[in-house]
Amino acid sequence: MKKLFALVLALMLFAVPAMAAEYTFNPEKPYDGVLMGQFDEIEIGTETDKGIATYYLPEGIQPWAPAVIVLTPDNVTAKAFAEGEVGAQWKAVADAEKIGVAFLEPQDGKSWNLTLDAEGRCDADVVNELYFTMRSKSVELKAPFSMDKTHTALVGYGEGGAAALLAGARYATDFSSVVAVEAPALTKEVFDTVGEELVIPFPADSRKGIVEMNVQAKTVDMPVWMIRSETEAALDFFVNAAEAKETEPSEWAEKAYVAENEAVRIWTTEKEQSPAQIWEAFSSKTNRFMAMQDGGRVAFTTDFSIDQFTLNEEAVNGEIRRWVTYVPSTYDASKETPLVLAIHGYTATAQSTVEESRWHDLAEENGFIVIFPQGLVRETPAMGNIPAACWIAGAFASMFDIDPMVDVNFINAILDRAEQDYNIDKTRIYATGHSNGSMMTWELGVRQTGRFAAIAPIGSMSLPTTEFSSDMLLPTWSFMGEFDGSGMELVEGSANVDVLSAWNAHNGTDESKAASTEEFDGQWKTVTFSNADNVPLVKFTGILRTAHIYMPEQSQMIWNEFFTKYTRGEDGTLYYEGEPVKASEYVQSSEWYEKAPAEEAAK
């Protein structure tokens, strides 16, 4: 391994500005990446700290692909490492697993700032900026691709391994795991300094809320594997951050620690490990999601090969469509089974919503079927991005000269298929979705009002774009986070108030009797609107200290406290806890929201 750190530097090139991507989109293979191959001399950095990276994107890379960031040893450029022995092995992993790989070099291709010298580059800031650049799909970049922001692993070799440990500590919420190979020793003092820094509180989202959340790096757990590395200070830091306990050694680790969350493993070994072994044994195993807890939720990746999951791809209404179906192990074809539709957001995938929302866990526990539909990858020039998975609904509908019914018809088709393939309880079909998938959920509620017994859109509030397809009542429960795009405030003229008002009008609630409740020590604040018979038909929950997210806690609450309460009869009658719900007259009120500020009202 050591010989790799003495690579010939003749391949080094001077940095040049990144050029805008030139890609070719093949609608016959819409899910394949539109750029592939090796892309060198990609400029990364902040206003003061800059770096150079090389990307490798394999042929056939899919939407929302996991990624690995590899930090090179001292005196080895990103391009030279990518074209060396270990770089070739990482590219082979990328080819086999369809993941993206980025190689990042030390400052000017020379050395990493492992002492945190104030005169040197802040390497962690550059690594963080590389992560955010890889997340972007802007066509202004040299090599944009659709990266899974929850599954980005950090790996480093030699001095780059030590830099990876520091960057993984400083920006813990960026990464799903950190691996250091043959890293030299770091001092306790540098970890003490890094540990006091505030991290981005919402993994893989925005830089919002850093000061308000006040999450210190030394409190965030991280899966870490140190291979043939000097580990004392780093081991102490990560074990203490995770409050991990020593556990039994294994073939991968002579020393092993595990946190209360078993997905957070900290290993050390003196055995040499290839990139394929690093990926298979460690880096592929964990994701980091936004969550209720500060610093996010580390979780084992989902095994989609189990019998309960079915991955479907076929032509539907003339387009190549995908969806994932989860059928619980307790499914009995002789019994009618409820169905939940869970819809992903812009650029994401059916699989990402499986892992983020954990609806399949609830399905297994409660005996219902879940369908996770996949939005078609389409060109979206109005977004300034490469082609990405999306739903033609809500604000997105204006970007296309396409009838929004194309996605509604797709959803109807896969629901029809489910009713043919399984014994579905047609009185208990529900829909939920996040972000652009929330827009799609609202759209389904308007255009297919009578097909669902209740809906729960999360992370986006969309006004009806057309007349309701039916005057049937349809209960809704929507969620927004404090640091979400449009926030959680209920203020006159806001999307939150306008959308709730529209659905209150449709469902005939009495806004003058809106009821407020709190959960999770006041972090979740819910407003409930009921009809004249006190049946809750419109609910809205704002969640303090959270951003653009779909959390398992939301899934649990939606199922246990909302979906299970409602059924729809064959004649379209809505039932609440087994009793028919009668339509009531809409009573409008302004008491449940704040007045617009004077300057806003005057506009």
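Two strands pair if DSSP finds at least two bridges between them, and helices (H or I, at least four residues) and strands (E, at least two) are DSSP runs numbered from the N terminus. The model shown in these views is predicted, so that local features need pLDDT of at least 70 and side-chain atom pairs count only at pLDDT 80 or more, while totals for chains, interfaces and linings use all residues. Residues are numbered from 1 along each chain as its sequence is written, and side-chain values use heavy atoms, with hydrogens and water left out.

View 1. The antiparallel pairing of β13 with strand β14 (residues 319–326) extends over 8 bridges, and within it E314 has R321 of β14 as its bridge partner.

View 2. Strand β3 (residues 65–71) runs parallel to strand β5 (residues 147–157), the two being joined by 6 bridges, and A65 stands opposite M147 in β5.

View 3. Strand β8 is joined to strand β9 (residues 255–258) by 3 bridges in an antiparallel arrangement, in which E246 has Y257 of β9 as its bridge partner. Strand β9 also pairs in the antiparallel sense with strand β10 (residues 265–269), over 4 bridges, and here Y257 stands opposite I266 in β10. The hairpin that joins β9 to β10 passes through 6 residues.

**View 4. The largest nonpolar core and the surroundings of F191.** A nonpolar core is a set of buried Ala, Val, Leu, Ile, Met, Phe, Trp, Tyr and Cys residues joined through side-chain atoms within 4.5 Å; buried means under 20% relative accessible area, exposed over 50%, and partly exposed in between (1.4 Å probe, protein chains only). The largest core has 118 residues, of which Y55, L165, F191, F238, I266, W359 and F563 touch the most other members. When its neighbours within four places in sequence are left aside, F191 is in contact with L165, L166, A169, L186, A233, A234, F237 and F238. A second, separate core of 49 residues includes I343, A393, V497 and F529.

**View 5. The largest pocket and the largest cavity.** On a 1 Å grid over the protein atoms alone, a cavity is a set of points where a 1.4 Å probe fits but cannot get out, whereas a pocket is an open set with protein on both sides within 12 Å along at least five of seven lines, and lining residues have an atom within 4 Å of a point. Grid points are joined across faces, edges and corners, and a volume is the space filled by probe spheres set on the points. The largest pocket holds about 780 Å³ of space, and of its 31 lining residues W64, P66, E97, F304 and Q351 lie nearest its centre. Helix α9 (350–357) is among the elements that each supply at least two residues of this lining, and α9 gives the most, with 4 residues. The structure also holds 5 cavities of 30 Å³ or more, and the largest cavity has a volume of about 160 Å³.

**View 6. Positive phi at E41 and R358.** E41, found in strand β1, has a positive phi of about 55° although it is not a glycine, and at 8% relative accessibility E41 counts as buried. R358, in the loop between α9 and α10, has a positive phi near 60° and is likewise a residue other than glycine; R358 is buried, with a relative accessible area of 18%.

Note on methods: Contact means heavy atoms within 4.5 Å.
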